[in-house]
Amino acid sequence: MLPQELLIFNVVCRVLHIVNEDYSSVEVVSEGGTSNKKKGHAGGGGGGGGAGGAMKGNETPAMGLGQAGAGQPRNLGEQVARSMDRAALNAFHLKSLVIQEINDYMVELEKTEEEIADNAREHIHSNEIILTCGRSATVEQFLKHAASKVRIHVIVAECAPAYDGHEQARALAGPNIDVVVVADAAVFAIMSRVNKVILGAHAVLANGGLVAASGSHTIAAAARHHSTQVVVCAGLYKYSPMFPFDDDRFNTLVSPDAVLAYGNGDLVDAVDVCNPRYDYVPPELVDILVDHTGGHLPSYLYRLLQENYNYAKDLAWSMQDE
Amino acid sequence: MAGNSTFGTGFNVVQHYNAVLQQDPSISAPVAAVSSLVRLVEQQRATTMLELMKIVPEACSQLKRATHDSISLSAGCDVFLQQMARLSQGQSAEECSRALIQAGSEFVQGAGRCRDRVAEFGSAFVRDDHTILVHSYSRVIMGLLRRAVKQNKRFRVYVTESRPDQSGLKAAEELQALGVPCEVVLDAAVGYIMEKVDLVLAGAEGVVESGGLINKIGTYQLAIVAKAAKKPFYALAESFKFVRLYPLSQYDLPTHRSDLLAFKDSKPTEDWHARLAATNPMLDYTPPELITLLFTDLGVMTPSGVSDELIKFYLD
């Protein structure tokens, strides 16, 4: 049973990772006081040095890359049961630690867009022509932050049938930003004049692919053809440990009324009308992913996922394994 | 001790290795090698660490020589040697041997589970109505397909014949026994059918530091055709097959010999069949750009993730 709403799943995995990580660090310190560097620090652990088989005093370290992982619990039920067995003593300390970390996480979530926007000056230079698509609050803040220092020209693809682009254009208009709205079909034609493409995403999948607003794939493909850089602004909470098994797994169809109105009676009967909400953009078309820590290549994603979701990896996979 | 393979205790590590392989055909080369090395450590009577540190690497090189530098076997031996290096710090020869035997035995027992884990991670990518192209015979791939069948997925498989040993035929037999519709495809017909294929699966002899793949000859070709047709190419490998090699071309592999395909003089009555089998390579190298994802027991990873795992293990 696969989760449909990726963002919720991401947050759950992250919280689970926080809990497990805190648990491992508390466990080490309480057992014999020999603080083991490998386990204590945030985001490390994983693979050969993970909670299952790391060196404790003179216990034999597990052999083989990640053999330690073989001892990890396979699903949420087992994970919880195992934690409960050993956690009675540490629950008191663990609780306050976890609550504090979750609060930190909530603050991180709230400040995501602001922190992403802080990176804007690195990616946007004076008098650049930028293409974007649809409505994205992250991209809007990103561009506005850049515009507070330099003059930029923004071309917004209108993204039919929702016409989100119009709203985005209205939100962006201001001093230092020249906004132009174009039809989706005109994107390829004007791409040769564009310096950079900046897109938002609904979610970023584990292979570096995007689930983004409908129309993003076309824009990214046109950009690749013209060797124009594609920058994707997405908060860390959008990075999902899921892999796309096929292009449309995380897509949904919304009402086709916007594409072909129900009023056209005869036509509606004879024609099959689809209105997909999202587009899948393959990782080869994405150049940089910008999150609150800065820019990353899509090939670096495995590292981010490991740092943020490592202890929840088994949960993610037990859900994908139908 | 150099030319003597018995280490003074009458234990012949190569013999034991061959016996293990014969006894259990489903066991893979690196696991059998570690199992033999564990037995060696049990049998040896070294009293100092220095002696132990000489005996074990010597046994490893004997194994490598006997199997013509098999990549997967080298990977297994390297893992064992790395473990020995870790355990040798601050312990006596006896303590070290005991710990090594324990670690080695756990590894051998856990290795079977590795294959199952790979199958678990990979079987989610096989969906209903898929047409899969498989290269040659690989136990890991069979495990994955078996799992997909158990999950009641309906799919079809093209298997490449994989000359010169035609191991693809063995794969087709097993698939037929599982009830999966399959066809054996000429190695040369891969381009012909690639349009109809949804995904390509290949096993691995070894996975190198760059994330590239060393596998049965024909894999590189398959990957190139898959890339040209924009089909995903997935490689399956257990984590103990990660090797510390960084080949830059086909001819950088340790299994490369200068007499392969070297235009040696031929007789007028040359038996080309026999010559083909003797002069052709058995392995090739697939660069990481052609590989979409790697399914390992550590999880699904992009080729760029491989070096990270290697660093974590080998550089502690």
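Where in chain A is the place of A:Pro161? In this predicted model, A:Pro161 sits in the loop that runs between β2 (152–157) and α7 (164–172) of chain A. The peptide bond that joins A:Ala160 to A:Pro161 is cis, and its omega is about -5°. A cis peptide bond is also found in chain B, where B:Arg163 is joined to B:Pro164 with an omega of about 0°, and B:Pro164 lies in the loop between β2 and α7 (167–178) of that chain. The two bonds are set side by side in the table.

| Residues joined by a cis peptide bond | Omega |
|---|---|
| A:Ala160 and A:Pro161 | about -5° |
| B:Arg163 and B:Pro164 | about 0° |

Another backbone detail belongs to A:Ser227, which has a positive phi of about 50° although this residue is not a glycine. A:Ser227 is placed in the loop between α9 (216–225) and β7 (229–233) of chain A.

**The sheets of chain B**

Chain B holds an open sheet of 7 strands, which follow one another in the order β3-β2-β1-β4-β7-β9-β10 with mixed pairing. At the edges of this sheet stand β3 (182–185) and β10 of chain B, and because each of them has a single partner strand, one side of each is left without a neighbour in the sheet. On average, and with direction ignored, neighbouring strands of this sheet are turned by 25° against each other. One of the pairings joins β1 (residues 130–134) and β2 (residues 155–160) of chain B, which run in the parallel sense and share 5 bridges; here B:Val134 stands opposite B:Val159 in β2(B). Helix α5 (residues 93–123) of chain B packs on the sheet, where it touches β7 (233–236), β9 (293–296) and β10 of chain B, and the direction of this helix makes about 140° with that of β9(B).

Chain B also has an open sheet of 3 strands, in the order β5-β6-β8, and its pairing is antiparallel. The edge strands in this case are β5 (206–207) and β8 (283–286) of chain B, each of which pairs on one side only. Between β5(B) and β6 (residues 213–216) of chain B there are 2 bridges, and these strands run antiparallel. Within this pairing, B:Val207 has B:Leu213 in β6(B) as its bridge partner.

**Two packed helices**

Two packed helices are described by the angle between their axes and the distance between the axes. For helix α2 (residues 29–43) and helix α3 (residues 49–66) of chain B, the axes come within 11 Å and cross at roughly 145°, and the crossing by which α2(B) passes α3(B) is right-handed. On the side of α2(B) the contact is made by B:Ala33, B:Leu37, B:Leu40 and B:Val41, which meet B:Ile55, B:Val56, B:Ala59, B:Cys60 and B:Leu63 in α3(B). Sorted by class, this contact has 9 nonpolar residues, no polar and no charged ones.

**Empty space in the structure**

Rolling a probe the size of a water molecule over the atoms shows where empty space is left. When the whole structure is searched, 4 cavities of 30 Å³ or more are found, and the largest cavity has a volume of about 310 Å³. This cavity is lined by 19 residues, of which A:Tyr302, A:Leu305, A:Gln306, A:Lys313 and B:Val300 are the closest to its centre. At least two residues of the lining come from each of α11 (301–309) and α12 (313–320) of chain A and β10 (299–301) of chain B, and α11(A) gives the most, with 5 residues. In the lining of the largest cavity, 12 residues are nonpolar, 5 are polar and 2 are charged.

The second largest pocket contains about 1200 Å³ of space. Of the 33 residues that line this pocket, the closest to its centre are A:Asn207, A:Pro283, A:Glu284, B:Pro232 and B:Thr292. The elements that give two or more residues to the lining of the pocket are α9 (219–228) and β7 of chain B. By class, the lining of the second largest pocket divides into 18 nonpolar, 7 polar and 8 charged residues.

Note on methods: Residues numbered from 1 in each chain as written. Chains lettered and ligands numbered in written order. Predicted model: local features only at pLDDT ≥ 70, side-chain atom pairs only at ≥ 80, totals over all residues. Heavy atoms only, no water. 1 Å grid on protein atoms, 1.4 Å probe; cavity = no way out; pocket = protein on both sides within 12 Å on 5 of 7 lines; lining within 4 Å. Points joined across faces, edges and corners; volume = space filled by probe spheres on them. Helix = DSSP H or I, 4+ residues; strand = E, 2+ residues; numbered from the N terminus. Nonpolar A, V, L, I, M, F, W, Y, C, P; charged D, E, K, R; others polar. Axes fitted to C-alpha atoms, helices over the stretch in contact; angles between N-to-C directions. Left-handed = near helix turned anticlockwise from the far one by under 90°. Contact = heavy atoms within 4.5 Å. Pairing = 2+ DSSP bridges.
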